[in-house]
Amino acid sequence: MNPGIDRLSFYCPAYALDLRRLAEARGVDPDKYLSGLGQETMAVAPPDEDIVTMAASAALPIVEADGADDFDWILVATETGVDQSKAAATFVHGLLELPSTCSALELKQACYSATAALHMACAWVAARPDRAVLIVASDIARYELCNPGEPTQGAGAVAMRITARPRVLEIDPFRGVHADDVFDFWRPNYREEALVDGQYSTRMYLAALTAAWERYGAASGLDWTAFRRQCFHLPFTRMAEKAMLHLQRTARWPSEGFRDRIADGLAYNRHTGNTYAASLYESLTCLLETAAEDLAGARVGLFSYGSGCTAEFFSGVVRPGYREVLRAEAHRRQLADRVALDYRQYEDIVRLPLPKDGGEHVFAQYRTGPFRFAGLSQHKRVYERL
Ligand code: HMG
């Protein structure tokens with residue numbers, strides 16, 4: 001058996017903006033967002049929620065179910081880091097009360113970093129089959145108001161327990177990568193919002209997909225017939241369709257049945273927006289939790305893309321009995337029970353600046369999960385468990 005994902009847990013903020021409201025405010029035909037981009041609502045993080053609270057909230061059910069004694073690492077994958085030195089993983093370590101023998105590390109390469117964390121974790125547990133690694137991908141996607149990227153914004157986190165005998169997905173030991181130095185999407189340290197060359201970024205994504213796929217094929221000896229389903233990094237859900245069409249043109253993938261291969265992995269992302277590092281794993285969670293068909297034994301193709309860029313095509317095989325450890329009902333309720341914001345409330349939230357004066361700040365309480373970002377004191381972030 002190959003190492004892989006033993007449990008998955010997803011978390012998104014309790015507030016959402018319907019993209020019809022955004023379209024109305026921007027004077028855009030709502031079908032551009034709903035059909036053209038394939039997005040319906042975007043998750044909005046309130047001021048007392050950040051990538052740390054989302055990460056801890058995603059991971060808590062895993063810790064409650066399996067304990068934390070066998071974790072050697074907590075790896076937090078994010079591009080919305082909260083500190084230049086202190087890793088977000090150390091805050092999450094504290095909130096989850098992980099043992100002091102569990103190392104904490106933050107990883108960054110745009111939306112790709114959770115995939116790097118996954119391979120590092122698999123290699124670690126392969127050498128130590130009685131140990132485990134906790135990975136949490138957590139991000140808040142923000143562009144400037146009125147930027148074409150605005151309707152793709154989102155927020156969310158996915159936590160994964162990685163073990164040598166996984167109950168959800170074994171990760172195949174081969175991969176195809178593509179890396180290059182490009183400016184398609186980036187966020188300089190002095191900016192709150194990302195900068196993006198939108199159309200160029202989409203072309204970079206697709207070019208990287210073909211290159212990574214060709215190298216995956218050479219490394220594995222597999223072709224498209226090996227996969228029953230396919231999950232992609234989803235900056236917006238129509239990207240999966242673009243990716244499949246692109247593989248038809250460049251790598252002779254078949255056109256027949258291509259929508260069936262991607263359809264079950266789209267619903268969660270359609271309602272959260274881009275969750276950057278978490279996006280591919282959110283799509284995988286959605287596929288496993290919403291597919292009517294029993295996927296035990298099915299090979300799933302996975303494409304991870306992080307702007308800048310590093311991309312990877314890899315795969316995994318679904319384990320028998322995987323449904324017993326999923327949290328489908330909890331995730332369905334979380335998405336359904338969100339508070340719908342009106343446009344003005346959305347703009348008020350995104351315009352609220354984080355204080356930078358090092359003084360004492362206590363934040364107003366919004367709806368959050370089990371953890372909240374309560375304020376700032378002497379330049380230190382203060383978190384609390386509710
Ligand atoms: P845009 O340029 O305003 O949109 O922004 P568009 O003109 O390309 O239209 C989008 C689609 O809607 C088109 O479909 C239109 O035809 C259609 P397509 O031609 O592509 O098939 N459309 C309509 N459909 C129905 N009814 C209508 C209508 N009007 C138009 N009335 C863009 C699009 C993606 C560029 C923008 O949202 C953006 O900049 N997004 C952010 C960047 C991004 O998501 N890039 C994706 C690849 S890079 C990536 O994935 C990495 C990333 O996650 C970051 C990281 O790695 O950290 C972003």
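Ala, Val, Leu, Ile, Met, Phe, Trp, Tyr, Cys and Pro count here as nonpolar, Asp, Glu, Lys and Arg as charged, and the others, Gly among them, as polar. With this division in hand, the shell of residues around the ligand can be sorted into 10 nonpolar, 11 polar and 6 charged. The structure is a predicted model, in which local features need pLDDT of at least 70 and side-chain atom pairs count only at pLDDT 80 or more, while totals for chains, interfaces and linings use all residues. Residues are numbered from 1 along each chain as its sequence is written, and side-chain values use heavy atoms, with hydrogens and water left out.

How many residues surround the ligand? There are 27 of them, and the closest are Lys32, Glu79, Cys111, Gln199 and Lys242; a residue is near a molecule if one of its heavy atoms lies within 4 Å of it. Some of the side chains come to the ligand with polar atoms: one such atom of Lys242 lies 2.2 Å from an oxygen atom of the ligand, and one of Glu79 lies 2.5 Å from an oxygen atom of the ligand. In the side chain of Ser201, an N or O atom is 2.8 Å from a nitrogen atom of the ligand. On its own the ligand has 1100 Å² of accessible area, and the protein covers 75% of this, where accessible areas come from the Shrake-Rupley method with a 1.4 Å probe.

The elements that give two or more residues to this shell are α2 (30-37), α6 (198-220), α7 (238-251) and β13 (299-306), and α6 supplies the largest share, 5 residues. Helices (H or I, at least four residues) and strands (E, at least two) are DSSP runs, numbered from the N terminus.

Beyond the ligand, some features of the backbone deserve a look. Arg252, in the loop between α7 and α8 (258-262), has a phi near 55 degrees, a positive value in a residue other than glycine. His379, in the loop between β17 (371-377) and β18 (380-385), likewise has a positive phi, near 70 degrees.

Are Arg252 and His379 buried or exposed? Arg252 counts as exposed because its relative accessibility is 75%, and His379 is exposed at 62%; buried means under 20% relative accessible area, exposed over 50%, and partly exposed in between (1.4 Å probe, protein chains only).

Methods. Polar contact = N/O pair within 3.5 Å; in protein donor to acceptor, adjacent residues only side chain to side chain.
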